[in-house]
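Please read it alongside the sequence and the coordinates.

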Amino acid sequence: MTTPQPRTVAEELRGAGLRVTAARVALLETVRGGDHLDVETIASGVRDRVGHISVQAVYEALHALTAAGLVRRIEPPGSPARFEGRVGDNHHHLVCRSCGVVADVDCAVGHAPCLTASDDRGFSIDEAEVIYWGLCPACSTAGTAAAP
């Protein structure tokens, strides 16, 4: 029995019904290689790989990749939109109130309890988006060190 080979980025794009371009491949690789990146950081990463690309083209490609389910967009209040390659699960995020760093956190343990609302008001719920706010370890330590 052979182990199935992982799909290439080009195969994933085609499988999602998207045209394969050097910019889309570079963009998807940049997002997956980063950690909750903003658009400017993604644009810079794509430029490092393929040369010039406009920020508008990056936005358009991100929109297409998000709609296809290859990229996830998160928008913590007070922060620019961020993009990540972790898709297909119902994970949540931790956001530092001081430095803005974003980290993944898995859904609460058990059988998708975060999808069970106390009152679903007739909705058929298929996703929950939870953001936990606080201070990251570095900012917590800095705050403790700065306290009198």
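Which backbone oxygen lies 3.4 Å from a polar atom of the side chain of S140? It is the backbone oxygen of L135, a polar contact being a pair of N or O atoms within 3.5 Å in which, within protein, one must be able to donate a hydrogen and the other to accept it, while residues adjacent in sequence count only if both atoms are side-chain atoms. This is a predicted model, in which local features need pLDDT of at least 70 and side-chain atom pairs count only at pLDDT 80 or more, whereas totals for chains, interfaces and linings use all residues. Residues are numbered from 1 along each chain as its sequence is written, and side-chain values use heavy atoms, with hydrogens and water left out.

**Overall make-up**

- The protein chain holds five helices and five strands, where helices (H or I, at least four residues) and strands (E, at least two) are DSSP runs numbered from the N terminus.
- Along the sequence these elements follow the pattern α-α-α-α-β-β-β-β-β-α.
- Of the 148 residues in the protein chain, 31% are buried, the classes being buried under 20% relative accessible area, exposed over 50% and partly exposed in between, with a 1.4 Å probe and protein chains only.
- Among contacts (heavy atoms within 4.5 Å) with a separation of 6 or more, 45% are between residues 24 or more positions apart.

**Helices α2 and α3**

- The axes of α2 (residues 22-33) and α3 (residues 39-50) come within 9 Å and cross at roughly 125°, the axes being lines fitted to C-alpha atoms, for helices over the stretch in contact, with angles from 0 to 180 degrees between N-to-C directions.
- That angle makes α2 oblique to α3, since oblique covers the angles left after under 35 degrees (roughly parallel), over 145 (roughly antiparallel) and 65 to 115 (roughly perpendicular).
- On the α2 side the contact is made by A22, A23, A26, L27, E29, T30 and V31, and on the α3 side by I42, G45, V46, R49 and V50.

**S140 in helix α5**

- S140 is found in helix α5 (residues 137-146) and is partly exposed, with a relative accessible area of 29%.
- The C-alpha atoms of S140 and C96 are separated by 9.5 Å, although the two residues are 44 residues apart along the chain.

**R72 in strand β1**

- R72 lies in strand β1 (residues 72-74) and is buried, with a relative accessible area of 10%.
- The side chain of R72 reaches the backbone oxygen of H91 at 3.2 Å.
- Leaving aside neighbours within four places in sequence, R72 is in contact with R82, F83, E84, R86, V87, H91, H93, E127 and E129.
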